Amino acid sequence: QVHLVESGGGLAQPGESLRLSCVASGFDFNVYAMSWVRLGPGKGLEYLACIYSDGSGSWYSDSVKSRFTISRDNAKSMVYLQMNMLEPNDTALYYCVSGWRGTVIDYWGQGIQVTVSS
């Protein structure tokens with residue numbers, strides 16, 4: 001059974017940092033690119049960052065470039081999103097998903113809430 005479980009979300013003040021983690025099981029994590037996406041209030045699904053299966057390359061949306069960093073540890077089947085300089089607009093439900101942006105999402109996590117507010 002496939003599982004993607006996110007952790008590390010919560011409440012942060014503007015300018016603070018959070019680190020999201022996602023542990024994968026039940027599929028061959030090492031052959032999948034992985035991505036972080038978010039669903040903000042009243043907004044559509046937004047891809048934030050993607051990383052190749054071997055971690056050799058990544059992509060970021062303009063909205064998070066220079067603030068967020070995606071990384072992965074294939075030995076632990078984990079993918080991370082380091083979020084710095086958080087802004088109120090970053091408030092959303094964050095998901096760890098399989099695949100690169102623009103491709104079919106085979107697997108989703110359950111999502112984790114990030115709220116940025118003073």
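These questions and answers walk through selected residues of a predicted model. Local features need pLDDT of at least 70, side-chain atom pairs count only at pLDDT 80 or more, and totals for chains, interfaces and linings use all residues. Residues are numbered from 1 along each chain as its sequence is written, and side-chain values use heavy atoms, with hydrogens and water left out.

Student: How many salt bridges does the structure hold?

Tutor: A salt bridge is a side-chain nitrogen of Lys or Arg within 4 Å of a carboxyl oxygen of Asp or Glu. One of them joins Lys65 and Asp62, at 3.3 Å from N to O. The structure's count is five.

Student: Is Asp62 buried or exposed?

Tutor: Buried means under 20% relative accessible area, exposed over 50%, and partly exposed in between (1.4 Å probe, protein chains only). Lys65, the salt-bridge partner of Asp62, is partly exposed at 46%. Asp62 has 69% relative accessibility, so the residue counts as exposed.

Student: Which parts of the chain does the pair of Arg67 and Glu87 tie together?

Tutor: Arg67 and Glu87 form a salt bridge, with the closest N and O atoms 3.8 Å apart. Strands (E, at least two residues) are DSSP runs, numbered from the N terminus. Arg67 and Glu87 are 20 residues apart in sequence, so the pair ties together the loop between S6 (58-60) and S7 and the loop between S8 and S9.

Student: What is the relative accessible area of Asp90?

Tutor: Asp90 forms a salt bridge with Arg67, the closest N and O atoms being 2.7 Å apart. That pair links distant parts of the chain, 23 residues apart. Arg67 counts as buried at 6%. Asp90 is buried too, and its value is 1%.

Student: Which residues are linked in a network of salt bridges?

Tutor: Arg67 bridges to Glu87. Arg67 also bridges to Asp90. The network consists of Arg38, Glu46, Arg67, Glu87 and Asp90.

Student: Arg72 is buried yet has no salt bridge; how far away is the nearest side chain of opposite charge?

Tutor: Arg72 is found in strand S7 (residues 68-73). Lys and Arg count as positive and Asp and Glu as negative, while His and the chain ends are not counted. The nearest side chain of opposite charge belongs to Asp54, at 7.2 Å.

Student: Which side chain joins that of Arg72 in a polar contact of 2.7 Å?

Tutor: A polar contact is a pair of N or O atoms within 3.5 Å; within protein, one must be able to donate a hydrogen and the other to accept it, and residues adjacent in sequence count only if both atoms are side-chain atoms. The Arg72 side chain reaches the backbone oxygen of Tyr52 at 3.0 Å. The side-chain partner at 2.7 Å is Asn74.

Student: Which backbone nitrogen does the side chain of Ser98 reach at 3.0 Å?

Tutor: Ser98 lies in strand S9. Ser98 has a relative accessible area of 1%, so the residue is buried. A polar atom of its side chain lies 3.3 Å from the backbone nitrogen of Asp106. The nitrogen at 3.0 Å is that of Tyr107.

Student: Which side chain meets that of Asn84 in a polar contact of 2.9 Å?

Tutor: Asn84 lies in the loop between strand S8 (78-83) and strand S9 (92-98). Asn84 is partly exposed, with a relative accessible area of 29%. The partner at 2.9 Å is Gln82.

Note on methods: Helix = DSSP H or I, 4+ residues; strand = E, 2+ residues; numbered from the N terminus.
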